[in-house]
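Please examine the sequence and the structure shown here. The paragraphs that follow lead from the ligand to a helix and then to some features of the backbone.

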Amino acid sequence: MALSKRGLKSAPAATSVKPLALILFGSPGSGKGTQSKYLVKWLGIPQISTGDMLREHIRTGDSIGASVTDRMKAGSLVPDELVNQLVFERIHQPDCERGFILDGYPRTLAQAEEMMRVLKAEHAEGVVIHLVVDYNVIISRISGRRVCPKCGTLYNAVSRPPKVDGVCDLDGTALVVREDDKEEVVRQRLVQYERQTQPVIEFFRTSFSRSNGDRLVEVKANGDGPETIFERIKSELQDLVQG
Ligand code: ADP
């Protein structure tokens with residue numbers, strides 16, 4: 001990542017010269033992954049999902065994957081140093097020069113502090129989008145969630161059913177329940193969220209520097225379809241892009 005004219009996709013002449021660090025924040029099942037995909041399309045900057053990166057290490061069977069498998073299966077967080085390192089390396093890839101979307105990071109105070117340090121060092125502008133969702137909505141969303149093991153597309157029995165029950169629209173693969181979407185594991189992930197991740201929002205509230213352009217935006221992400229929620233996010237971020 002380097003200081004560069006932002007030049008976001010729909011904004012050839014961006015209003016700021018700082019790279020944008022868009023942080024999607026919210027509990028498991030709040031829709032971070034879905035909104036990230038819309039944002040990637042709209043802004044033309046990459047999504048960095050720590051959950052996807054970790055699952056990819058498990059899939060390839062390398063030493064990082066081996067070291068996190070048990071924790072992820074149990075719904076526990078993996079060590080801060082490991083995710084900090086993965087994110088640090090990823091954001092220094094050339095495709096992150098104008099900015100990036102963080103999905104699932106930071107999730108602890110230690111990660112948030114490291115993130116702030118990196119943003120300062122890189123002269124990046126931090127924008128946190130907090131997706132606020134009720135507990136019962138989260139439970140029903142996660143329990144209906146199915147994923148294509150081949151291409152990673154997410155489906156939901158209620159809000160985004162596949163055209164043919166149990167089969168991916170894109171490649172016809174049989175859909176599965178993600179290992180950590182099983183009920184006991186979901187509860188554990190929500191406990192972790194309350195304990196370790198929720199305090200991160202307070203940290204951003206108090207440590208973000210408005211003069212640097214950093215900000216925290218709260219978006220109601222309950223009860224409406226994903227497109228409506230994306231429209232809300234867009235209207236909050238309109239000033240980041242021109243045209
Ligand atoms: P969700 O947001 O629905 O919980 P993710 O795919 O983001 O799902 O994360 C799945 C799992 O990956 C987490 O339960 C945790 O074990 C691990 N993980 C992902 N991001 C982090 C992170 N920033 N810090 C620690 N563990 C993480």
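**The ligand and its surroundings**

A polar side-chain atom of R145 lies 3.4 Å from an oxygen atom of the ligand, where a polar contact is a pair of N or O atoms within 3.5 Å. Taken alone, the ligand exposes 550 Å², of which the protein buries 96%; such accessible areas come from the Shrake-Rupley method with a 1.4 Å probe, and for residues only the protein chains shown count as cover. This is a predicted model, in which local features need pLDDT of at least 70 and side-chain atom pairs count only at pLDDT 80 or more, while totals for chains, interfaces and linings use all residues. Residues are numbered from 1 along each chain as its sequence is written, and side-chain values use heavy atoms, with hydrogens and water left out.

Two further contacts involve oxygen atoms of the ligand. An N or O atom in the side chain of R55 is 2.9 Å from one, and a backbone N or O atom of S76 is 2.6 Å from one. In total, 19 residues surround the ligand, each with a heavy atom within 4 Å of it. The closest are T50, R55, S76, R107 and R189. Helix α2 (residues 50-60) gives the most to this shell, with four residues; helices (H or I, at least four residues) and strands (E, at least two) are DSSP runs, numbered from the N terminus.

**A helix with a buried face**

Helix α5 comprises 14 residues, 109-122, and reaches 20 Å from its first C-alpha to its last. That is close to the 20 Å expected at 1.5 Å a residue, the expected span being 1.5 Å times one less than the number of residues. Which residues of α5 are buried? They are Q111, A112, M115, M116, V118, L119 and E122, where buried means under 20% relative accessible area, exposed over 50% and partly exposed in between (1.4 Å probe, protein chains only). Seen down the axis of α5, these residues fall within an arc of 165 degrees, so they line one face of the helix; the arc is that of the directions from the helix axis to the C-beta atoms. On the other side of α5, K120 and A121 are exposed.

**Features of the backbone**

Most residues other than glycine have a negative phi, and most peptide bonds are trans. In the loop between β3 (99-103) and α5 lies P106, and a cis peptide bond with omega about -5 degrees joins Y105 to P106. H123 belongs to the loop between α5 and β4 (125-132). The phi of H123 is positive, near 55 degrees.

Notes:
Polar contact = N/O pair within 3.5 Å; in protein donor to acceptor, adjacent residues only side chain to side chain.
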